[in-house]
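Here is a short briefing to read next to the structure. Please keep the sequence and the model in view.

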Amino acid sequence: MADTFDAVVVGAGFGGIGAAIALKRLGLKKLAILEREDDLGGTWHVNRYPGLAVDIASVTYSYSFEPNPNWSRLFAPGAELKKYADHVADKYDLRRHMSFGAVVEGARWDEATGHWVVSVEGKPDITAKYLLTATGFLSQPHRPDISGIDDFAGKVIHTTAWDDTYDLAGTKTAVIGTGATAVQLVPEIAARAAELTVYQRTPIWVVPKVDVPIPSVVQKLFARVPFTQRVARSVSSGILEMIMVSAVLHYKQVKLLNKGAAAASRAFLRSQVRDAALRKQLTPDYDFGCKRPTFSNSYFRTFTKKNVNLETAPIDHVTADGIVTADGRKTEIDTLVLATGFNLWDVNFPAVEIVGREGRNLGQWWRENRFQAYEGVSVPHFPNFLTLASPYAYSGLSYFTTIETQMAHITRLFGALESRGADTFEVTEAANAEFLDRMTENLADSVFYGGSCQTSRSYYFNQHGEAAILRPTSTRNAFVEANRFPLSHYTISASR
Ligand code: NAP
């Protein structure tokens, strides 16, 4: 690997791919995209569990500048997302910038040279003028700390490391977890395993998934008349904004919308499960949106199958051949599936150690102060650094909205550097503080603070009790600000 780069991008998922496209469009040539996995695609390379699919319509869950007319369904299966990532990386000639198996250990700002020094496991340090981390929000798997789990003698699979060679047919399987991953996976396992026990600590809101195959005639229309796909994208994004964004972020103003979504989920549950006791177990006692709501037509119904058991007693410990609940009951199993999600707040913000000006350590600073990033991308004391998986970055509940908003921010900021003959930027303390205050104020309207979220155990909340992931503004506001933020919010200078 060559020594000094214009920019290092950490992560070759959709976020890193988007950032690299923006940088290339700006004329940066010497790019290094460092990826710890053995291929590109991020989430969609790592996750391969049965039932994996998007739960935001594919016309929205894709780059607006790179529409894919070939989605097979309204909600594409996971493998199509990986294929799409490959296509975009090839089309924008990004593969030659990528290094796989490149585990970034950390990066520090070198004030003397005005460069970032990036350390990569087992390799010499590399330096770069700019550093962008696109390490994803859900990329550090959470393995539960349950007593005895390491003594289990059967097969253990975390959903982020699915073993395609393992045959679930005839197994006695347990799934721990009932988040969005389990909602997709549980019906698939139920169809194969002899016995399935699902350990639920917190129930989840599930609404129907209006999913249909996209007929070839529509695919052809999307390919020949791209405008039609843009219209489909607008409609799907509008629905998403209304249900997922307004009902969650504007809970105070449109409580009825939020309550309506919960009522729709309860009605859906009634239509799928006749047993009132089972329905009660599956019904959340927190407000819709405290935790990310999920979409499935088969999840609730699966619990009515003879070979499926919902276990709501807390897990006490795991033995070599089973799981024992706090009431002393043991369920014998041979396969343990951990659908236990991700660790965000302890290890993911940031995912690698970042040390900025005057030795400021980003992770330590975030933890000792508050999690914060101006417009979800930049932090004072960290020159020439953009952190794309950041507090208040997640906009509009579609990761692609977030990415494209960030691409717009990159374009405006680097455009200003270019036009001023400068090469160094740093967000001002004042701009950062104003942004954090505004996000905090806006959050007061959200379900997180206005609703009842105490029992949700939602990863939206950090260790300080702040819901600091979602950007509490409309998607439009995020995009407008990315395109028009005052350049005075940054100090922009030339290093020589
Ligand atoms: P998650 O939502 O964090 O769910 C993890 C589950 O594991 C929760 O039910 C949690 O229970 C349970 N759990 C964790 N530790 C436990 C323990 N020690 N004992 C018992 N239960 C334990 O993770 P996820 O389902 O992987 O989903 C994460 C996010 O990924 C989603 O919110 C979504 O944004 C994304 N996702 C998207 C898609 C899609 O678009 N297609 C699919 C899957 C995931 P508690 O709730 O009680 O903590």
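A residue counts as buried when its relative accessible area is under 20%. E375 has a relative accessible area of 10%, so E375 is buried. This is a predicted model.

**Ligand site**

- The shell around the ligand holds 24 residues. Those that come nearest are A53, D55, T181, T202 and K291.
- By class, ten of the shell residues are nonpolar, nine are polar and five are charged.
- Which helix gives the largest share of the shell? Helix α4, residues 180-190, does, with three residues.
- For D55, a polar side-chain atom lies 2.6 Å from a ligand oxygen. For Y459, the distance from a polar side-chain atom to a ligand oxygen is 2.7 Å. For R457, the corresponding distance is 3.4 Å.
- On its own, the ligand has 900 Å² of accessible area, and the protein covers 87% of that area.

**Disulfide**

- How many disulfides does a search of the whole structure find? The search finds one.
- The disulfide is formed by C290 and C453, with 2.1 Å between their sulfur atoms.
- The link of C290 and C453 is left-handed, with -80° about the S-S bond.
- This pair links distant parts of the chain, 163 residues apart. C290 sits in the loop between α8 (276-282) and β11 (294-295). C453 sits in the loop between α13 (447-450) and α14 (475-484).
- Are the two cysteines buried or exposed? C290 has 0% relative accessibility, so C290 counts as buried. C453 has 7% relative accessibility, so C453 counts as buried too.

**Backbone geometry**

- The peptide bond from F349 to P350 is cis, and its omega is near -5°. P350 is placed in the loop between β16 (335-338) and β17 (353-355).
- E375 is not a glycine, yet its phi is positive, at about 50°. E375 lies in the loop between α10 and β18.
- Y392 has a positive phi near 60°, and Y392 is a residue other than glycine. Y392 is found in the loop between β18 and α11 (399-419).
- Why does Y392 count as buried? Y392 is buried because its relative accessible area is 1%.

**Buried charged residues in strands**

- E311 belongs to strand β12, residues 308-311. E311 counts as buried because its relative accessibility is 6%.
- What does the side chain of E311 contact? The E311 side chain makes a polar contact with the side chain of R329, at 2.9 Å.
- K129 belongs to strand β6, residues 126-133. K129 has a relative accessible area of 11%, so K129 is buried.
- A polar atom of the K129 side chain lies 2.8 Å from the backbone oxygen of G114.

**Pairs separated in sequence**

- G322 is in strand β14, residues 322-325. G322 is buried because its relative accessible area is 0%.
- G322 and I149 are 173 residues apart in sequence. In space, the C-alpha to C-alpha distance between G322 and I149 is 9.7 Å.
- H381 lies in the loop between α10 (362-368) and β18 (385-387). H381 counts as buried because its relative accessibility is 10%.
- How far apart are H381 and T428, C-alpha to C-alpha? H381 and T428 are 8.6 Å apart in space and 47 residues apart in sequence.

Methods: Residues numbered from 1 in each chain as written. Predicted model: local features only at pLDDT ≥ 70, side-chain atom pairs only at ≥ 80, totals over all residues. Heavy atoms only, no water. Near = heavy atom within 4 Å. Polar contact = N/O pair within 3.5 Å; in protein donor to acceptor, adjacent residues only side chain to side chain. Areas by Shrake-Rupley, 256 points an atom, 1.4 Å probe, with all protein chains shown as cover. Helix = DSSP H or I, 4+ residues; strand = E, 2+ residues; numbered from the N terminus. Nonpolar A, V, L, I, M, F, W, Y, C, P; charged D, E, K, R; others polar. Disulfide = S-S within 2.5 Å. Buried < 20%, exposed > 50% of the residue type's maximum accessible area, 1.4 Å probe, protein only.
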